[in-house]
Amino acid sequence: MRRVRYTSPAGPLFLEHVPVPEPGPGELLVRCEAVGVTLPVVRKVTEAAAPVPLGGEVAGEVVAAGDGVTGFRTGDRVTGLCFGHGYADFAVLRQEMASPVPDGAGAVDAVALVRSGLVALGALSAAQPRPGESALVTAAASGVGQLAVRLARTRGAARVVGAVSDPAKADFVRSLGADDVVVYGDDDWGEPVDYVLDGVGGDLLTPAVAALAPGGRLVAYSSGGGTVRAYDLLVGARTVTGFQMARIARERPELYERWRRELWRLFADGVLRPSVHGVFGLADAARAHEAVVSRRNLGKVVLVP
């Protein structure tokens, strides 16, 4: 089979041919039909001290199951998070990280919706939104951000603001349902909001906290890090909460499953349809990464083996 690798930090991505892996106990071997490209994986390539497997979101057909697998069988269509090599023709998934793809949904839909949607829905739930409140979503044109904009509206937000890196993304974000769009470098982000869903971190945390109204809440789910001054929280009684999807999947599997079912229900009802920026072949993985790094993408970036 083919898989994408690199051999030095920030080194070039290349295709290699290796044997198809065998699933171990509790694992599924999946023939990949779509692979989601995420900023955390892209950052590992550019920032990790040593090369790591390119994992992430995959969707496809189960072709083999290891000992002890329950609830899945050969021929099932699934999507899930792969911690090993996911940029490949075949990938191995832990069964607890896999979920079924319903009839009528394609593999690209699955990788664009499930993992990104779980992060967006989880971050939104952590913000404890109340009907009639206002929301601001950073990285609003990203795979997660575009779904967060839509979900904030479904949870009763009266006003949704999208924050983006480039004004050229404004029309796209408004098409998602945002009332207003601001650009990161703007001096004024408009009227303060009740909660912020931040998928950027870093230096953007300061203006994101400043955008909160008194008593406002910010949920940080980015791998970009950043520092918040305690004084900025004390003034206005603002709060910041960190959200990590992996912790929910590990410690709250029943909540993880409930959120997953909600996403597919919204998809089936036509309320939540993820936007896909581009579909690339495995040989073009470097171009897919560049689309994410440059922040040019309007929606999800996907590889199709």
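**A sheet and a helix pair**

Student: What's the strand order in the open sheet of six strands?

Tutor: The order is S10-S9-S8-S11-S12-S13, and the pairing is parallel. Strands here are DSSP runs (E, at least two residues), helices are too (H or I, at least four), and both are numbered from the N terminus. Two strands pair if DSSP finds at least two bridges between them. This is a predicted model, where local features need pLDDT of at least 70, side-chain atom pairs count only at pLDDT 80 or more, and totals for chains, interfaces and linings use all residues. Residues are numbered from 1 along each chain as its sequence is written, and side-chain values use heavy atoms, leaving out hydrogens and water.

Student: Ok, which strands stand at the edges?

Tutor: Strand S10 (180-183) and strand S13 (239-242) do. Each has a single partner strand, so one side of each lacks a neighbour in the sheet.

Student: And how many bridges link S12 and S13?

Tutor: Strand S12 (residues 212-220) pairs with S13 over four bridges, in the parallel sense. Val 219 sits opposite Thr 241 in S13.

Student: New topic! At what angle do H2 and H8 cross?

Tutor: Roughly 120 degrees, with the axes of helix H2 (residues 107-126) and helix H8 (residues 253-268) coming within 9 Å. That makes H2 oblique to H8 (angles under 35 degrees count as roughly parallel, over 145 as roughly antiparallel, 65 to 115 as roughly perpendicular and the rest as oblique). Axes are lines fitted to C-alpha atoms, for helices over the stretch in contact, and angles run from 0 to 180 degrees between N-to-C directions.

Student: Which residues meet there?

Tutor: Among them are Leu 113, Leu 118 and Leu 121 in H2, and Trp 259, Leu 263 and Phe 267 in H8. Contact means heavy atoms within 4.5 Å.
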